[in-house]
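Work through the exercises below with the sequence and the model in view. Each task is followed by a solution in steps.

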Amino acid sequence: MQFKAKQIADLIGGSIIGDPDILISGPSKIEEGGAGTISFLANAKYTDFIYTTTASVVLVSKDFVPERPITCTMIVVENVYVALAFLMENFNSGISIESTVSVLTSIHSSVVIGDNPAIDDYVIIKKGVTIGKNCKIYGQVFIGDNVEIGDDVVLYPGVKVYHNCKIGDRSVIHANAVIGSDGFGFAKDETGKFKKIPQTGNVVIESDVEIGSNTVIDRASMGSTTIKSGAKLDNLIQVAHNVTVGSNTAIAALTGIAGSVEIGQGCLIGGQVGIAGHLSIADGTMIQAQSGISASVKGKLYGSPAIDYNNYLKSYAHFRRLPELAAQIRALQAELDKLSQIKS
Amino acid sequence: MQFKAKQIADLIGGSIIGDPDILISGPSKIEEGGAGTISFLANAKYTDFIYTTTASVVLVSKDFVPERPITCTMIVVENVYVALAFLMENFNSGISIESTVSVLTSIHSSVVIGDNPAIDDYVIIKKGVTIGKNCKIYGQVFIGDNVEIGDDVVLYPGVKVYHNCKIGDRSVIHANAVIGSDGFGFAKDETGKFKKIPQTGNVVIESDVEIGSNTVIDRASMGSTTIKSGAKLDNLIQVAHNVTVGSNTAIAALTGIAGSVEIGQGCLIGGQVGIAGHLSIADGTMIQAQSGISASVKGKLYGSPAIDYNNYLKSYAHFRRLPELAAQIRALQAELDKLSQIKS
Amino acid sequence: MQFKAKQIADLIGGSIIGDPDILISGPSKIEEGGAGTISFLANAKYTDFIYTTTASVVLVSKDFVPERPITCTMIVVENVYVALAFLMENFNSGISIESTVSVLTSIHSSVVIGDNPAIDDYVIIKKGVTIGKNCKIYGQVFIGDNVEIGDDVVLYPGVKVYHNCKIGDRSVIHANAVIGSDGFGFAKDETGKFKKIPQTGNVVIESDVEIGSNTVIDRASMGSTTIKSGAKLDNLIQVAHNVTVGSNTAIAALTGIAGSVEIGQGCLIGGQVGIAGHLSIADGTMIQAQSGISASVKGKLYGSPAIDYNNYLKSYAHFRRLPELAAQIRALQAELDKLSQIKS
């Protein structure tokens, strides 16, 4: 899609200084620019770039007063960030998908689909599934028996949802994520072989949740693995059976959460964190990337096993100078030996 | 599926105290309960819950003597766990798949398929593949040339198996796992560019193996990457080229095993463990989550690089009080300086 | 494919000692061997195996002089490694795919495809996509709107490429990798709920790049996430929005790179490394597996947070004997107390 500067200015209620007919096909950063792009100036730190940017158009605040000549076209707006967010949603066209159910699909006759569906090619939907209205289900998605999907849900290509799971309104699941595979439950028999413990529960994803690409959320052994409303999970995360992730908690990539962990609401969990089984993480806990959590915790944490964040950094500062500390101990011993010798 | 309490009691050889006609549609935990669910009491710790549970039916041992009135229906059995395992397998119906080969598949004419196959939609099977009897191959699976699959194998949706790999009897591979992709083998040429080392081997998965969702097992450069019988791998695990994982070894999620590692049998390897290339891990080794293994090891281990588990925890206890140890050293020095001064 | 020893000798310009008609169907290691396989002897350390190997044929250098009787057939060549690399490329036949576009695909009428395409079953290609010549696109791949793919590109089964991304000549992407999913960008609103920041950029993969199975590369919020020419990424790696990975940099499995990180060229990054957002990694940096990078760095690194590699190992050596150091401090204190007492 291409727009004239004038069209954009009209959309966001701005006024133009420069060429109203210049064509724009996408956004750019002001320091990178590029012909045919629109950028923005919202942070004074970047002011210098407006005099040199190659972006065709730059959004500026009505408070901006140039101190040197400017070659790009400017659109002057009340609030640059608000205008920008509005614009980005318009440029972010996404993947095309017909507002219909493709004929190249395999959908069981018992499936109930709400108004205005968009279901792409090679999708498989098993029996007893219900899907709300305005859902987008991209190509090669698999939805197992009796899955319940709310309204306005987006499943990106290749997502696999096992039987009996539930996905709430407005939740978004990215490509090749797996929802509801068997929890890792085995018991050793008397011969040392593992016997599988049946995983009969499901996964419940509440509303407004976003799940990243290739993330896996295992079904509960009994009951539900639950991702509460507004939680955001990045890519390549492991959520084991019977875990609960609280509302509005965000978890970064490659983190692993072992079975039956209860994570509170509003937590921020960094990347590559590991949380051992059956622990509770209090509301609002912050966990530094790569930490290993081996006890129920709250506050801000770091280390493996994780301790208080600031204490970890203090200890680590001394860890870095351990060779020096060891040398000091040796020197003290030598000095003391000498002193004792003199004494005796 | 719904069952009457009486039908369940008959199935597991139990006797009923309460309503024999009450309907059950799934299991629950006794502390969570829910109408229409069946729960169980096997651990004395949970006894209090039987007086308050909202589960419709609870399995109890013949040794259980109530001390207060109970509102739920009870099924009295010899061994609660045995009855439970039997029941859970019956409730765990899984994803429906026709006991036939779907017409919505692409299967090469040379493929040999054993009795009683269930092959779902949009599956691709390339030439020379052989598949044993009673296999379930779910939607959107890809099986490359000359793959050999044993009896009673289950491949969940989206699994990709590259050419020449072998999968033994009763093995189960979860959604979007990848078996047999190229090992990460590159050699720098004189200009600093990487040249690919051909990866001509395969992956051999023996019998009774379970592989988690989105786990990747790379093919050997030559020979085989081997997962021995009874091994259980969780989700999102990386197994590099030429690795051997021993029989009845269990590996938790997000662990990475570098090239040519030999892991013994009966090992327990935690989540997010890293094992450097060409090492041997002895039979029965236990490795704590997040450890980094940089030498051939046995016993129980922790740390990066990993050392003996108890020694790591002892050292870590002192790590936590390093600022204090450093202060003690400074105090000792000061005291000693004073003493020396007095002396001189 | 099967070859006679004589055919192989002709291919690589070698001469035969033994049976020219013996049949070969694949390579083996000399210590493992196996009838019908061809192995090689290039490292003197393995010389003993040539007298006992069960391989049918062994490649040897013209300098090799047997000291005992040999039962296998030998092919004598100038340079064993060169001959071997040549052979392995011939044995590594890969997954069969017709040199045509399958009819079992969903390709938008606007898509432009270069000469000699091989596009497998159940592939979806959305509108505006351009594909160069000699590309192999395996089954169940998804390519979103306006994606640009160069010449000689290979996309293995199940790869998902979101809209507007670019993939350069000769790049290879392994099974179930995801290119261009949304970056993990959310801002908390005044009520503590996350609001999604639109991710309007794309991913640019330059030429000669290899991407492992189940790896995820997120699209930029604006501009591009870029993987420069010749970079090699292993399996299960997370590359966040707006990251740049430099030319000929290699990254091992399960590493996570946070947003806006700039990685230089020729870097070697181990497995399970974490790199925090907005950092710069200098050209040629080497990062030990499991390290956590929390500052812009160069050189060779280890630890979480990572410090100089050798300093980390020195500190860690003292970490291991921290209980002993603590005991020494206690002993010193006791000795000093005694000395002071005597003194006073």
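**Exercise 1.** How many residues of chain A are in contact with chain B, and how many residues of chain B take part? Then describe the chain A side.

Solution. The model is a predicted one.
- Step 1: the contact joins 52 residues of chain A to 54 residues of chain B.
- Step 2: on the chain A side, at least two residues each come from strand 20 (178-181), helix 3 and helix 4 of chain A.
- Step 3: helix 4 of chain A gives the largest share, 7 residues.
- Step 4: sorted by class, the side of chain A that touches chain B has 23 nonpolar, 21 polar and 8 charged residues.

**Exercise 2.** Describe the contact between chain A and chain C by its residue counts, elements and classes.

Solution. 
- Step 1: chain A puts 54 residues into this contact, and chain C puts in 53 residues.
- Step 2: helix 2 (80-91), helix 3 (309-320) and helix 4 (322-343) of chain A are the elements that give two or more residues to the chain A side.
- Step 3: the largest share on that side is 10 residues, from helix 4 of chain A.
- Step 4: the side of chain A that touches chain C consists of 24 nonpolar, 21 polar and 9 charged residues.

**Exercise 3.** Which rotation superposes chain A on chain C, and what axis relates the two copies?

Solution. 
- Step 1: chain A is brought onto chain C by a rotation of 120 degrees, with 0.0 Å of shift along the axis and an RMSD of 0.1 Å.
- Step 2: the two copies are therefore related as by a three-fold rotation axis.
- Step 3: for chain A on chain B, the superposition is a rotation of 120 degrees with 0.0 Å of shift along its axis, at RMSD 0.1 Å.

**Exercise 4.** Which residues of helix 1 of chain A are buried, and why are they placed on the same side of the helix?

Solution. 
- Step 1: helix 1 of chain A spans residues 5-12, and Ala5(A), Ile8(A) and Ala9(A) are buried in it.
- Step 2: these residues lie on the same side of helix 1 of chain A because they cover an arc of only 100 degrees around the axis.
- Step 3: just after helix 1 of chain A comes Gly13(A), with a positive phi of about 65 degrees.

**Exercise 5.** In what order do the strands of the open sheet in chain B run, and is the pairing parallel or antiparallel?

Solution. 
- Step 1: the sheet has 10 strands in the order 8-11-14-17-20-25-28-31-34-37 (chain B), with parallel pairing.
- Step 2: strand 8 (106-107) and strand 37 (292-293) of chain B are its edge strands, each pairing on one side only.
- Step 3: inside the sheet, strand 11 (residues 124-125) and strand 14 (residues 142-143) of chain B are joined by 2 bridges.
- Step 4: Ile125(B) has Ile143(B) as its bridge partner in strand 14 of chain B.

**Exercise 6.** Where is Lys193(B) found, and is Lys193(B) buried or partly exposed?

Solution. 
- Step 1: Lys193(B) sits in the loop between strand 21 (186-188) and strand 22 (194-196) of chain B.
- Step 2: Lys193(B) counts as partly exposed because it has 15 C-beta neighbours inside 10 Å.
- Step 3: apart from neighbours within four places in sequence, Lys193(B) is in contact with Gly230(C) and Asn248(C).

Key:
Residues are numbered from 1 along each chain as its sequence is written. Chains are lettered from A and ligands numbered from 1 in the order in which they are written. This is a predicted model: local features need pLDDT of at least 70, side-chain atom pairs count only at pLDDT 80 or more; totals for chains, interfaces and linings use all residues. Copies are superposed by least squares on the C-alpha atoms of residues with pLDDT of at least 70 in both. Two residues are in contact if their C-beta atoms, placed from the backbone, lie within 7 Å. Helices (H or I, at least four residues) and strands (E, at least two) are DSSP runs, numbered from the N terminus. Ala, Val, Leu, Ile, Met, Phe, Trp, Tyr, Cys and Pro count as nonpolar, Asp, Glu, Lys and Arg as charged, and the others, Gly among them, as polar. Two strands pair if DSSP finds at least two bridges between them. A residue is buried if 20 or more other C-beta atoms lie within 10 Å of its own, exposed if 12 or fewer, and partly exposed in between; C-beta atoms are placed from the backbone. The arc is that of the directions from the helix axis to the C-beta atoms.
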